[in-house]
Amino acid sequence: MALRDERVTLAHGGGGKAMRDLIEEVFTSVFAPPGMEDQARLQAEALAEPGARLAFTTDSYVVTPIEFPGGDIGKIAVCGTVNDLAVGGAAPLWLSAAFIIEEGTEIALLRRIVATMAREAEAAGVRIVTGDTKVVGRGACDGVFVTTAGVGVIPPGIEMAAGLVAPGDVAIVNGVLGDHGATILAARGDLALSSAIESDCAALGHLMVDVLVAAPGAKAARDLTRGGLASALNEIAEAAGCGIEIAEDALPLRAEVVGMCEILGLDPLYLANEGRLVVFVPEDQAEAALSAMRARPEGEGAVIVGRAVEGHKQVRMTTAFGGQRIVDMLVGEQLPRIC
Amino acid sequence: MCLGIPGQIVAITDESRQMAMAEVSGVRREVSVACVADEGPLSGLIGQWALIHVGFAMSLIDEDEAAKTLEALHDLGEAQEALEQMAAGDAALAGE
Amino acid sequence: MKFASEFRDPKAAKALLAEIARVADKIGATKEKPIHIMEICGGHTHSIFRYGLDKLIHEGVEFIHGPGCPVCVLPRARVDECIEIAEREGVIFTTFGDAMRVPGSKKSLIQAKAEGADIRMVYSPLDALELARRNPEREVVFFGLGFETTTPSTALAIQQASREGLQNFSVFCNHITVPEPIKALLDDPHMCLDGFIGPGHVSMVIGIHPYDFIAEDYHKPIAVAGFEPLDLLQSVLMVLNQVAEGRAEVENQYARVVPEHGNPVSLAAIADVYERRPSFEWRGLGEIDASGLRIRPAYAAFDAEEKFGVGYAGVRTELKDPEGCACGAVMTGRMKPVDCPQFGRGCTPEMPLGALMVSSEGACAAYWQYGGARAREAAE
């Protein structure tokens, strides 16, 4: 154990022995990347198949607090990028992970984040094959920022795109909505709210593979991150050029999430999720897709929430009260309100 | 204006500052009960429902009044149903 | 959720809607010649759109969306003053989330925050008080915004700060009152209202009698209502029944929360801490006599206007509403949001021009959010 420091200092970013010790002890010893060159050199049999395509995505992760009930920034960084691949129909294979670390960050915290990432990657069936660290001065970032890029392979014959959604297709989500958003709101502490809600953060690669086997005609999927279900549906409606109608009654919501939304005047349709997606499938494959989802723990709560329709190009919701309203894109960020 | 929701007082957290824990659907928040405290000890509020607004229990919810309002709505529903049945009966008769 | 879910029952709604239709027909209300009912409170406006009540209800009943949204009626000069205080050295400026996006003449609080001012959203004035306790070297200012519902909370926070002898807590008071603008609306010769839905949460503080003048002096019916959809429908029915029977009374639909005489502790706290300003400016409505509150001299130590020399007591800045903005006409019921020449063109939730597009409770923003695109298409 060459690394004795409790906290990251600028020396750990200086290119010398301190940096090497940090990288080796905290990162590479856990991620165990293949080879120690500056690049990962990889082969995928799946890619050799005629018609197979490479899928490539990247995302940066910032979250306050860094650790929260149900996960931490590392879990989001792995699951988020895996999910970005999965909703496009790709089987996720490899990730890169780059860390921007604020001077003063506890090394124990880094170790916990890295352990989470390794565990989640293994569970999701992906390898973290390359990475980078940078240390910045106090105040130049907020604790730790993580960027992951992901590579996966779309098997031949799979073609998923929002533009393919057509009237009649059924929209399915894989579980209760808004848990992550509500968890983060409570975990920040400045609203002094407490509850037993935990983030829904989960990798959905395996679930999507199962859905595509059960419902090979699936048209499109979206992960329901920032902006929640409402934003994802609006994106799909716009790309597909058709309307989407959902039923308020059908929306899976935990009582605590509803309670928090009532207290703060928020709409759960716009709350972020980190382990939820919506998938559009032809009506005759809906039951098969539902069963496939429900067979997995991350899809236990799967339900049909609505369908694509003709006649208009908006997202509309039939309220539990029997009225109808338009569910629009969000303007900016949802702010708690008193009025 | 004035978002307020019903919450249940579940514990007194600070007697001197008149603070209590309120619960709304499993979400807890410390609120002031200054507006709803009476002469007696604050513990008398535990179990009661109050309208919560910006961290204050503003008004105790009167369960009897709530029941009365619901009853009136229920009666109206029954009357409406009876009317509809009568209308359906009339229509059936007219159709004969 | 107890005391909420029961009042969202669609079965009961069906009966209420049928009864509303029956009475509306009886009094001859039609789409061409509707009964105009103003829901004073923005919270009611929000509920109407959230549950789609405007589309469920008999076509002879038209909701006119009133001025009861504190953010909507906040003049730009007040926002400018908030920013002026927030940008002072050492200040932590705290506010409800609602006010963050309201445009001032140059920028909003959210923009001022991005430029470096320490502006924090809080859920309660008690949270601002706690920030003051924890940051004795900083000056914590709370933006006191809202009607009678919210006024007691800031009054009680000031009383608490006074008891604790806190030196670094103050309130920038912009509290306003409901009855005065309603009187102003009723005095408007263009007024075309047939009845009112009264703001239930204001009444839980002030009781139902401050609205007596509406029935007694102006002979208009009013029902003080709760915020669940059945509450609103029932109160509409109460107003229609009054019209049908030629009555004008103040009725209380929301008796489970609203005591006839309000909340004595709240009223005492308001009376102890605040006094009326001679007049106060409302965005879209102009100056209204005795419609605003300020902190009494006895609590001057907690008055941000006194501490910073900023505010309504200071120099009046004349800031006209933007060209072509018809917020005033919409708020008085003379124009529908979609009939405003700027609606959806120069004025959208992304770039609000007028006050009513600012808050999600504003009539225009609610039109936009919950039926806007359709409403806009119809207008074009």
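Entry on the contact between chains A and C. I am working from a predicted model, and in it I find that this contact takes 22 residues from chain A and 38 residues from chain C. I then looked up which elements of chain A give two or more residues to the side that touches chain C, and these are α8 (255–264) and β14 (324–326) of chain A. Sorting that side of chain A by class, I get eleven nonpolar, seven polar and four charged residues.

Entry on two helices of chain A. The crossing in which α3(A) passes α4(A) is right-handed. Among the residues that meet here are Ile73(A), Val78(A) and Val82(A) in α3(A), and Ile113(A), Met117(A) and Ala121(A) in α4(A). By class, the contact of α3(A) with α4(A) has ten nonpolar, two polar and two charged residues.

Entry on chain B. I find one helix and five strands in chain B, and read along the sequence they follow the pattern β-β-β-β-β-α. The radius of gyration of chain B is 22 Å, well over the 12 Å that the globule rule gives for 96 residues, so I record chain B as more spread out than a compact globule. Its C-alpha trace spans about 75 × 25 × 25 Å along the principal axes. Of the 96 residues of chain B, 42% count as buried.

Terms used
Residues are numbered from 1 along each chain as its sequence is written. Chains are lettered from A and ligands numbered from 1 in the order in which they are written. This is a predicted model: local features need pLDDT of at least 70, side-chain atom pairs count only at pLDDT 80 or more; totals for chains, interfaces and linings use all residues. Two residues are in contact if their C-beta atoms, placed from the backbone, lie within 7 Å. Helices (H or I, at least four residues) and strands (E, at least two) are DSSP runs, numbered from the N terminus. Ala, Val, Leu, Ile, Met, Phe, Trp, Tyr, Cys and Pro count as nonpolar, Asp, Glu, Lys and Arg as charged, and the others, Gly among them, as polar. A crossing is left-handed if the near helix is turned anticlockwise from the far one by less than a right angle, and right-handed if clockwise. The radius of gyration is taken over C-alpha atoms; the globule rule is 2.2 Å times the number of residues to the power 0.38. A residue is buried if 20 or more other C-beta atoms lie within 10 Å of its own, exposed if 12 or fewer, and partly exposed in between; C-beta atoms are placed from the backbone.
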